[in-house]
Amino acid sequence: DRTIKPFIVWFLTLCTIVLKSSPLSLHTMLLHQQAPCGHALHSASRRHRSNVKCFSLHTTPAVPEALVSTRPVHELRNSLADVAEVRSQQVIAEASASLGVNYTPWAVAGGVALALLALKRVYDTPSRAYNNNVGDEYDAWTEEGILEHYWGEHIHLGYYTEEERAAGWWKADFKAAKLRFTQEMFRFSGSQQPKRILDVGCGFGGSSRWLAAQFPDAEVIGITLSQKQVQRGTQLAAERGLSNVKFRVMDALNMEFADDTFDFVWACESGEHMPDKRAYVEEMARVLAPGGKMVIACWCQREAGVNGAAPLSKQEQQDLNFLYEEWAHPFFISIQEFCRLMQGTGKLEEVGAEDWTVQTIDSWRHSNLVGVLDPWFVVFKWNPKLWYKVTREIVTLERMHQAFDKGLMQYGLMRATKPAKVAQGTSSGSSTSSSTSSSTSS
C-alpha cells in the first residue's frame, strides 16, 4: 500500500537514528540477534575480525557467535553503529528503488508531524493547577512586568463599545478599553458617592486608584494575596499623589474587617480564583454596611444541569479543566449561581445581573495582538523559561476566546444592595416600625 509504506520507511530511518545515538543498546541487540541478521552484520564488519574473539561455548544453531571486542569500547560502538547505518540506508534505498518513489520528503514530513503532535500535547497539558498558589502566581506576574507593560494598570478585560466592535476591535485602544470597563462597572453598580470603599482582589490597584481619584474624600482599601502587588500598588499610588488609598495582603474568604464597615464593595475578576464561592460572597456581604452597594465582575461558566439547562458535555468539561488548571482557578460558576449565592446570604436585596460577553470578548484576541505587534519587551529579557511561559499564555488567551465564543463561558456582572437597618420604637405598650430609610452613602 503506497500510503503506508512511506511511513514504514520513515520509521526504519527513525530507528536507525535512535540506534546511532544509543550505541549501548545496539551493542546489546547484536549480542542477542537471530542468526541471519547477526551473520549479515558480522560479515559486514569483517575488516575488524582480527580484533574479535569467538567463544564457541556460547553459540547455538539459532544464535551467531558472540562478538566481544578487545578494542576500546567506544571504537567498537562506533563501528557497529556505522554498520547499522550503512545497512539501513541500503534497505531504504532498495525499498525506494523497487517502488520508484523517493521517500525522503515523506520521512521529513513524518518527523515534522510528530514534532507538532508532541508540541501540541505539551501545550494541551495544564501547567499551573490551583493549589493555594494564587498569591505566588501573581507575585511572579507582577515581578515579570509583562501584564503591566501590555495591559496597563487594569489587569482585567476591556469594554468595547458597539461602535468599536462595528469598526473592528483591533482598531480600538487596548488600554483605554480596560479603563472604560472600570467606568462602566461603576455605573452598573448604582453607587453614587461612596465614603469607604473595599476592592476585593485588587491586583496592583488599577481600580482602587481610579476610585480614589474619583472620590478624593473617600477611603479606599485594596486587598490581595500577593505581596508584590501590594508593593507595586503602593508605589503607583505614591507616584500619582493619592493618599486616600491603601493596599493590604489579606484573604478575601476570611477578612479582618468588622461587620458593616464599607458602603461600597467592589470585586473585579477575583471570584475566579476563590475556592469557596459562597464564603466569598458571604464575606463581602458581611463587611458591607447597611444601605451599601456590592458589585462583582467575574468570568463565569454557563448554567449546567439545573433549571432545565443541559449538563456539560465531555468536551466542555475537558475545556473547562484546562482553563482551571492553566491559570490557577479552582472552578467557575454560572451568573445565575452567583445571584443565588447573593440572595442566599439573607443580607442582600435588589440582586441583579447582566451578561457582558459581547462587550468584553474581543479582549482575549486583542491581548495577543498587542503582544505580536510589540514582542520586544519579552524578547529582550533573554529568558527562555519566560518565553515559554508567554507562549503558553498566548495559547490560553485563544482558548479563553473560544470558550466565550462557544457559549461555554460568559462574562458576568452582578450587583446587590444591603438593606438599611429598620429603626425600632415603642409607644403605649405597642411597638411600631419606621419605614425603611433610604441609602445615603451609596
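Q: Are Trp364 and Phe404 buried or exposed?
A: Trp364 and Phe404 are both buried. Buried stands for under 20% relative accessible area, exposed for over 50%, and partly exposed for values in between (1.4 Å probe, protein chains only). The model is predicted, so local features need pLDDT of at least 70 and side-chain atom pairs pLDDT 80 or more, while totals for chains, interfaces and linings use all residues. Residues are numbered from 1 along each chain as its sequence is written, and side-chain values use heavy atoms, with hydrogens and water left out.

Q: How many aromatic pairs does a search of the whole structure find?
A: The search finds 22 aromatic pairs. Rings of Phe, Tyr and Trp (its six-membered ring) pair if their centres lie within 6.5 Å; planes under 30 degrees apart are stacked, over 60 edge-to-face, and the rest tilted.

Q: Why is the pair of Trp364 and Phe404 called tilted?
A: The ring centres of Trp364 and Phe404 are 5.6 Å apart and the planes stand at 35°, so the pair is tilted.

Q: What makes the pair of Trp364 and Phe404 a tie between parts of the chain?
A: Trp364 belongs to helix H16 (residues 362-373) and Phe404 to helix H18 (residues 384-405), so the pair ties together parts 40 residues apart in sequence. Helices (H or I, at least four residues) and strands (E, at least two) are DSSP runs, numbered from the N terminus.

Q: Which residues do ring pairs link into a cluster?
A: The cluster consists of Tyr159, Phe181, Phe188, Trp356 and Tyr411. Arg415 lies over the face of Phe188, 4.3 Å from the ring centre. A charge sits over a ring if NZ of Lys or CZ of Arg is within 6 Å of the ring centre and within 35 degrees of the ring normal.

Q: Over the face of which residue does Lys178 lie?
A: Lys178 lies over the face of Trp151, at 3.5 Å from the ring centre.

Q: Why does Lys178 count as buried?
A: Lys178 has 1% relative accessibility, so Lys178 counts as buried. Lys178 is in helix H9 and, not counting residues up to four places away in sequence, touches Trp151, His154, His156, Leu157 and Gly158. Contact means heavy atoms within 4.5 Å.

Q: Why is Arg180 called buried?
A: Arg180 has a relative accessible area of 18%, so Arg180 is buried. Arg180 is also placed in helix H9. Apart from neighbours within four places in sequence, Arg180 contacts Tyr159, Tyr160, Thr161 and Glu164.

Q: How do you know that helix H10 is largely enclosed by the rest of the structure?
A: In H10 (residues 206-214), 7 of the 9 residues are buried, so the helix is largely enclosed. What covers the buried residues includes helix H9 (174-189), strand S3 (196-200) and helix H11 (227-239).

Q: Why are H6 and H18 called roughly perpendicular?
A: The axes of H6 (residues 134-144) and H18 come within 13 Å and cross at roughly 110°. Axes are lines fitted to C-alpha atoms, for helices over the stretch in contact, with angles from 0 to 180 degrees between N-to-C directions. Angles under 35 degrees are roughly parallel, over 145 roughly antiparallel, 65 to 115 roughly perpendicular, and the rest oblique. H6 and H18 are therefore roughly perpendicular. Ala140, Trp141 and Glu144 of H6 make the contact with Leu386, Lys389 and Glu393 of H18.

Q: What makes H6 oblique to H11?
A: H6 and H11 pack at about 40°, with axes 7 Å apart. H6 is therefore oblique to H11.

Q: Why does Gln317 count as partly exposed?
A: Gln317 has 29% relative accessibility, so Gln317 counts as partly exposed. Gln317 lies in helix H13 (residues 314-326).

Q: Why does Asn132 count as exposed?
A: Asn132 has 65% relative accessibility, so Asn132 counts as exposed. Asn132 lies in the loop between helix H5 (104-124) and H6, and its phi is near 55°, a positive value in a residue other than glycine.

Q: Why does Glu350 count as exposed?
A: Glu350 has 53% relative accessibility, so Glu350 counts as exposed. Glu350 lies in strand S8 (residues 349-355) and has a positive phi of about 55° although it is not a glycine.
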